Amino acid sequence: MLLRHTTAEVAERSALSVNPAKTCQPIGAMYAALGLHRCLPHSHGSQGCCAYHRSALTRHYKEPIMAGTSSFTEGSSVFGGQSNLLQALNNMFTLYDPDVVAVHTTCLSETIGDDIPQIVDKANEKGHIPEGKYVIHANTPSYVGSHVTGFANMAKAMVDYLAEPAAMKNECINIVPGWVEPADMREIKRLCWQMGVDVIMFPDTSDVLDAPQTGEYEFYPKGGVTIPELKQTGASSATLALGHTASAPAARALDVKCNVPCEVLDLPIGLAATDRFVDALRRTARVEVPQYLENERGRVVDVITDMHQYFHGKRVALWGDPDQLVSLTEFLVDLDMRPVYIVTGTPGKAFLKRIEKALDGRVPEAKVKQGLGADMFLMHQWIKNEPVDLLIGNTYGKYISRDEDTPLIRHGFPILDRIGHSYFPTVGYGGALRLLEKILDALLSDQDKNSPEESFELVM
Amino acid sequence: METARHNILEGRKDQVHRKGQEPFNMACEKHSLAGSVSQRACVFCGSRVVLYPIADALHLIHGPAGCAAYTWDIRGALSSGPQLHRLSFTTDLRERDVIFGGEKKLYHALVELIDQFQPKAAFVYATCIVGVIGDDVDAVCKRVQEEKSIPVLPVHSEGFKGTKKDGYKAACDAMGRLVGTGDTAGIGPRSLNIMGDFNIAGETWLIKRYYERMGLQVVASFTGDGRIDDLRRAHGAALNVVQCSGSMIHLAKDMKERYGIPFIHVSYFGIEDMSRALYEVAEFFHDQDIVDRTQKLVRDEVSQIMPELNRYREKLMGKRACVYTGGAFKAFSLVRSLRTLGVQTVVVGSQTGSKDDYDLLRKLCDEGTILVDDTNPVELSRFVQEKGADLLIGGVKERPIAYKLGLGFCDHNHERKQVLAGYEGMVNFAREVYSSVCSPVWKLVPGRRTESEASGEAAAPTLLPVARKVS
């Protein structure tokens with residue numbers, strides 16, 4: 001057993017994480033920045049941070065990930081990283097010709113107290129930033145929040161630096177999609193267009209991290225929200241933020257800066273959350289829900305009713321990011337399943353309340369843990385004490401899946417050992433259908449594998 | 001094309017050399033230019049990859065969760081016993097700890113983990129933040145070591161304190177404190193330590209079997225399938241056999257100084273280097289029996305793999321490769337191995353090569369070969385296209401670039417899935433290169449002509465670079 005060192009006895013831990021269910025802010029900022037067209041993310045810190053983030057994103061997306069680093073030295077840690085960032089900006093604009101550089105900090109540069117706007121001003125004075133090019137930044141100390149916080153901060157930086165207030169509002173709606181996959185972003189746009197709603201989505205990693213094979217290596221793939229679009233967000237009539245943790249800060253900043261009202265919704269994963277998103281679009285853009293979409297929804301409900309006996313009472317363990325967990329939990333409860341163990345390493349006050357609401361009092365045995373000690377080691381200990389039927393979470397669940405012989409549906413970040421997450425959405429009605437298929441595949445395959453010969457069934 | 005506009009940075013000009021052009025004055029071992037998309041990592045990364053395979057130790061990363069998350073079981077360093085090294089332990093420092101210091105947290109974390117997991121020793125990695133907030137990691141380690149009666153070793157791997165190479169040194173320093181603390185009873189004169197093999201895909205096991213067939217006793221492996229107790233008695237061995245020039249040389253030198261144990265440099269990749277390694281080790285012991293056994297081993301192994309190797313060679317003859325490795329030592333072996341397969345190396349570079357390394361690489365390569373130090377994706381893709389390479393050998397960050405360009409790829413780094421060392425490794429390598437370079441999937445790539453189109457006739461091996469769209 002790979003995790004033979006995991007004991008069933010849960011000991012109170014005061015000072016550490018074992019097999020963390022989170023990672024640090026800068027990678028989230030890097031991911032968000034990749035959703036900006038012709039943007040070069042830049043890591044202001046040691047070289048390793050940038051290398052690790054690029055490697056982790058490469059493993060998840062199987063795409064080249066480009067980002068610069070300030071390559072801190074011992075000297076920079078004493079005297080500050082100003083000269084590194086100045087040199088870096090100069091080099092990046094000269095060599096890689098981005099439209100925008102999105103700088104994020106690291107634990108190192110935060111602690112020594114580098115003032116990024118001041119350094120960028122200096123770079124401007126020195127003429128390191130060519131005419132018509134931009135530098136934006138987000139503070140992303142690794143010891144605060146998690147990778148999701150980093151995403152939220154960089155999305156907000158896009159507003160802070162680029163959104164322009166406009167007296168006249170247009171019909172357009174802004175969407176902040178949250179930390180979801182390129183396929184999800186594409187699906188959300190499709191949903192909006194199908195309803196006849198004009199949207200600006202930021203960040204938007206579709207056509208960046210799911211770029212087609214063209215026989216050429218594109219340093220800047222064609223996707224991503226453009227700078228003119230970001231400027232226009234201030235003229236939109238509303239913003240819909242999907243996911244409280246990842247998207248609310250950007251939407252609220254846009255409201256404050258440009259007076260664009262915002263509504264913060266759950267990620268549209270599962271039936272009810274998608275309903276709320278579609279309804280919000282309908283209300284905000286004053287459009288009708290087309291029959292086509294109604295049919296799409298109807299098919300999801302049809303599958304749920306057809307197969308409900310297989311969902312009933314199944315115990316599920318899930319881990320990952322708060323926004324995903326809230327919507328997934330709600331969906332599982334709607335399916336009459338029992339999300340009994342829920343773990344996120346990402347801190348944030350409202351999460352426990354939201355989960356409680358999603359559980360709707362229907363899973364009294366549910367254990368939820370967040371923040372310190374909320375890690376995959378604890379999750380495994382819970383499962384050892386009382387097993388589950390299904391695991392839903394990132395690739396790090398594969399050890400538990402193997403040791404406990406429990407099926408795993410890969411969902412979230414990172415997925416290091418399968419493809420599909422970049423290409424098939426889990427948001428919207430289409431996404432719900434895919435989740436249903438995955439859940440049923442997992443449960444029924446497990447039943448096929450483990451049922452005694454006499455009760456092995458052909459028809460299920 | 002997008003990249004055509006990008007030029008080599010002025011400050012990097014002397015880190016690129018084309019063989020044939022004079023003078024040869026390769027700049028290297030430089031800190032990367034800020035802002036270039038370097039493929040390099042940090043000090044912590046260096047220490048982590050070297051120590052990670054020690055399977056019965058606790059590896060606690062003192063810092064925010066990220067450093068632990070990104071290095072959680074990413075290296076396929078196999079263990080025949082405990083799997084403790086595959087878990088990810090971190091003090092998960094938060095803002096409060098950054099302000100008030102993380103020593104207390106580190107102490108409690110160590111005590112709790114040692115109580116729970118009963119490791120043979122603990123390594124405590126200092127990350128960037130620890131270097132800045134000034135935690136006295138040494139003092140905490142010392143205290144816990146006394147309380148728990150196991151070695152608790154600080155690893156000074158603050159990310160910004162140099163390059164990956166400095167991380168190797170920090171790892172060696174930590175291991176150096178273990179060596180000499182164990183009982184050397186039962187170690188004979190025909191004995192050695194394997195250094196600088198990390199048992200990726202089981203390579204250390206293979207090498208160990210070779211040495212055992214030669215009649216030699218392997219005392220300790222630094223660090224593939226490594227065990228603390230073996231490391232502690234490693235000073236009883238007669239010889240240190242060092243692979244991977246960067247990572248272990250400090251420890252080998254240290255052991256020579258302290259215990260008078262000589263060391264030799266070897267490489268286990270490719271027929272030539274593998275055989276040379278075994279012969280050099282055999283000669284060291286001045287024992288005809290060992291030499292005879294070695295000759296037989298090499299003869300048997302080589303004759304066993306040659307037929308299959310020749311089949312691949314026929315298919316690969318005239319192909320061109322770009323090699324980009326972490327350390328330069330591996331690049332030497334790869335250039336030779338590729339030559340064995342009829343593949344010409346047209347671009348070669350490393351993240352951490354030294355001047356001597358590049359000098360040797362230059363001698364090894366054909367006229368016109370491009371040598372690069374600490375390259376970046378733009379440069380690399382440009383050189384690959386200019387030289388019409390069919391294959392890229394590199395690590396995780398290079399793989400998707402190769403595929404986007406429609407090139408074959410072979411991972412010769414952490415993520416290799418099968419043994420590439422030794423004789424059977426050479427066959428695996430050939431098969432992997434063949435299966436990627438000659439894969440029919442490249443015909444699906446737009447703008448890439450098929451081989452028969454390029455050469456004008458079907459099935460004939462071609463020396464022409466496969467044309468790719470360049471605009």
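**Asking about helices and a chain contact**

Guide: In this predicted model, the buried residues of helix α7 of chain B are B:Lys164, B:Lys165, B:Asp166, B:Gly167, B:Tyr168, B:Lys169, B:Ala170, B:Ala171, B:Cys172, B:Ala174 and B:Met175.

Visitor: What makes a residue such as B:Lys164 count as buried?

Guide: A residue is buried if 20 or more other C-beta atoms lie within 10 Å of its own. B:Lys164 is among the residues of α7(B) that are buried.

Visitor: Why is α7(B) called largely enclosed by the rest of the structure?

Guide: Because 11 of its 13 residues are buried, α7(B) is described as largely enclosed by the rest of the structure.

Visitor: How do you know what α7(B) should span?

Guide: The expected span is 1.5 Å times one less than the number of residues. For the 13 residues of α7(B), 164–176, that gives 18 Å, and the end C-alpha atoms are 18 Å apart, so the two agree.

Visitor: Let's turn to chain A. Why are α1(A) and α7(A) called oblique to each other?

Guide: The axes of α1(A), residues 25–33, and α7(A), residues 147–162, cross at roughly 40 degrees and come within 6 Å. Angles under 35 degrees would count as roughly parallel, and roughly perpendicular begins at 65. The pair is therefore oblique, and its crossing is right-handed.

Visitor: Which residues make that contact?

Guide: From α1(A) come A:Gln25, A:Pro26, A:Ile27, A:Gly28, A:Ala29, A:Tyr31, A:Ala32 and A:Ala33. On the α7(A) side are A:His147, A:Val148, A:Thr149, A:Gly150, A:Phe151, A:Asn153, A:Met154 and A:Ala155. By class there are 10 nonpolar, six polar and no charged residues.

Visitor: And what makes α8(B) and α17(B) oblique?

Guide: Their axes cross at roughly 140 degrees and come within 9 Å. Roughly antiparallel requires over 145, while roughly perpendicular ends at 115. So α8(B) and α17(B) are oblique.

Visitor: Which residues of these two helices meet?

Guide: B:Glu203, B:Leu206, B:Ile207 and B:Tyr210 of α8(B) meet B:Gly422, B:Glu424 and B:Gly425 of α17(B). These residues divide into three nonpolar, two polar and two charged.

Visitor: How many residues does each chain bring to the contact between chains A and B?

Guide: Chain A brings 65 residues and chain B brings 71. The elements of chain A that give two or more residues include β1, α3 and α5, but the largest share, nine residues, comes from α2(A).

Visitor: What classes of residue does the chain A side hold?

Guide: That side has 28 nonpolar, 26 polar and 11 charged residues.

Methods: Residues numbered from 1 in each chain as written. Chains lettered and ligands numbered in written order. Predicted model: local features only at pLDDT ≥ 70, side-chain atom pairs only at ≥ 80, totals over all residues. Axes fitted to C-alpha atoms, helices over the stretch in contact; angles between N-to-C directions. Helix = DSSP H or I, 4+ residues; strand = E, 2+ residues; numbered from the N terminus. Left-handed = near helix turned anticlockwise from the far one by under 90°. Contact = placed C-beta atoms within 7 Å. Nonpolar A, V, L, I, M, F, W, Y, C, P; charged D, E, K, R; others polar. Buried ≥ 20, exposed ≤ 12 C-beta atoms within 10 Å, placed from the backbone.
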